[in-house]
Amino acid sequence: MNITIAVDCMGGDHGSVVTVPAALAFLSKHPDAGVILVGREEELAPLVKDARAGLKSRLRIHNATQVVGMDEAPTSVRSKKDSSMRVALHLVKHGEAQAAVSAGNTGALVMISRFALKTFPGIDRPAICFALPTIKGHTYALDLGGNVDCTPEHLFQFGVMGTLLASALDHVDRPTVGLLNVGTEEIKGNELTRQAAKLLQASNLNYHGYVEGDDIFKGTTDVVVCDGFTGNVALKTSEGLGKMLSTFLREEFKRGPLTMLIGLIAMPLLRRFRNRANPDRYNGAVLLGLRGGVVLKSHGSANAFAFEQALARAADAVANDLIRRIRDRMDTMMGANGENV
């Protein structure tokens, strides 16, 4: 299957010095894929001039003269019709690419995606969804930063979308859904959480109830629902914890000759631990709820390896026909008219 990914090369903290090498590395490992590098042509062309001929034949540069800054308000995209982010998404809209990947401004990406690619019936906003590793495998958590201010109806819709994703990709008939809260007791939580719980309880979703932060990595439920503010804090905290533990281990093994020797003996184990705990391996979160194409959000500070992982996740989503499979599951669960579960 030929897969084409539109890459917002200018977005993120590092821009083209990360995104272009990542795209070339991705192409070298995915011979059935192609990329469209979107950004300022005069900046991108020198970065690919020395690429192997086999890679060059599967990439092209699409010039875009503007950039949405990481610190700009999302509404700024209205005046930047030739921004690399907007152009990349419109390449998906018009069928020139099946997926778009950006490390740029999250709010702007969500806004453009919503209007360019539209959402499924019954879904108001796309949500950033990520498969977090757990001791049981993984759990789908959403929203992780796309929607900071949510209503109970939005949280309910996140539960529906997470259920659709788990059903489509993991072939689970009735995935369990947990609502992230400060406790598992019914009296706990704020008004938003309590009202969302009522909607989930009244639905046909396999609602587990409230879950706490530690339940995420225990794998208590297949899907964890929260607002974007809470979800993003939880995600960044877990990433910081993983990096801290890796740093602590390196420091302990360097304390003296004996610990260094132990470290050498344990090196294969430490490498496996680092690979499992390295957040760069899990970079790339899908904007769930879009019906016009696949969009993945990379961390803004991603390095080339991490951005390459986001590109690979986008290719995997296209190869697995994610949009069609979610649409088919939605027709089954909600009905073609978009009525709530």
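**First stop: a glutamine in a helix**

Select Gln-157, which sits in helix H6 (residues 152-170); helices (H or I, at least four residues) and strands (E, at least two) are DSSP runs, numbered from the N terminus. Before going on, note that this is a predicted model, where local features need pLDDT of at least 70, side-chain atom pairs count only at pLDDT 80 or more, and totals for chains, interfaces and linings use all residues. Residues are numbered from 1 along each chain as its sequence is written, and side-chain values use heavy atoms, with hydrogens and water left out.

Gln-157 is buried, at a relative accessible area of 8%; buried means under 20% relative accessible area, exposed over 50%, partly exposed in between (1.4 Å probe, protein chains only). What is Gln-157 in contact with, leaving aside its neighbours within four places in sequence? Show Gly-122, Ile-123, Asp-124 and Arg-125; contact means heavy atoms within 4.5 Å.

Now display all of H6: this helix lies across E5, strand E6 (137-142), strand E7 (176-180), strand E9 (223-225) and E10, running at about 150° to E6. Axes here are lines fitted to C-alpha atoms, for helices over the stretch in contact, and angles run from 0 to 180 degrees between N-to-C directions.

**Next: the sheet**

Switch to cartoon and colour the strands. There are 11 of them in an open sheet with mixed pairing, ordered E3-E2-E1-E4-E11-E10-E5-E6-E9-E7-E8; two strands pair if DSSP finds at least two bridges between them. E3 and strand E8 (206-211) are the edges, each pairing on one side only. From one strand to the next, the twist averages 30°.

Zoom in on strand E2 (residues 33-39): 7 of its 7 residues are buried, so the rest of the structure largely encloses it. Ala-33, Val-35, Leu-37 and Gly-39 cover one side, with Gly-34, Ile-36 and Val-38 on the other. Strand E1 (residues 3-8) pairs with E2 in the parallel sense over 6 bridges, and Asp-8 stands opposite Val-38. E2 also runs parallel to strand E3 (residues 59-63), joined by 5 bridges; look for Ile-36 opposite Arg-60.

**Last stop: two cysteines**

How many disulfides does the structure hold? It holds 0, where a disulfide is a pair of cysteine sulfur atoms within 2.5 Å. Select Cys-150 and Cys-226: the sulfur of Cys-150 has its closest cysteine sulfur in Cys-226, 8.5 Å away, which is too far for a bond. Cys-150 is buried at 16% relative accessible area, and Cys-226 is buried at 6%.
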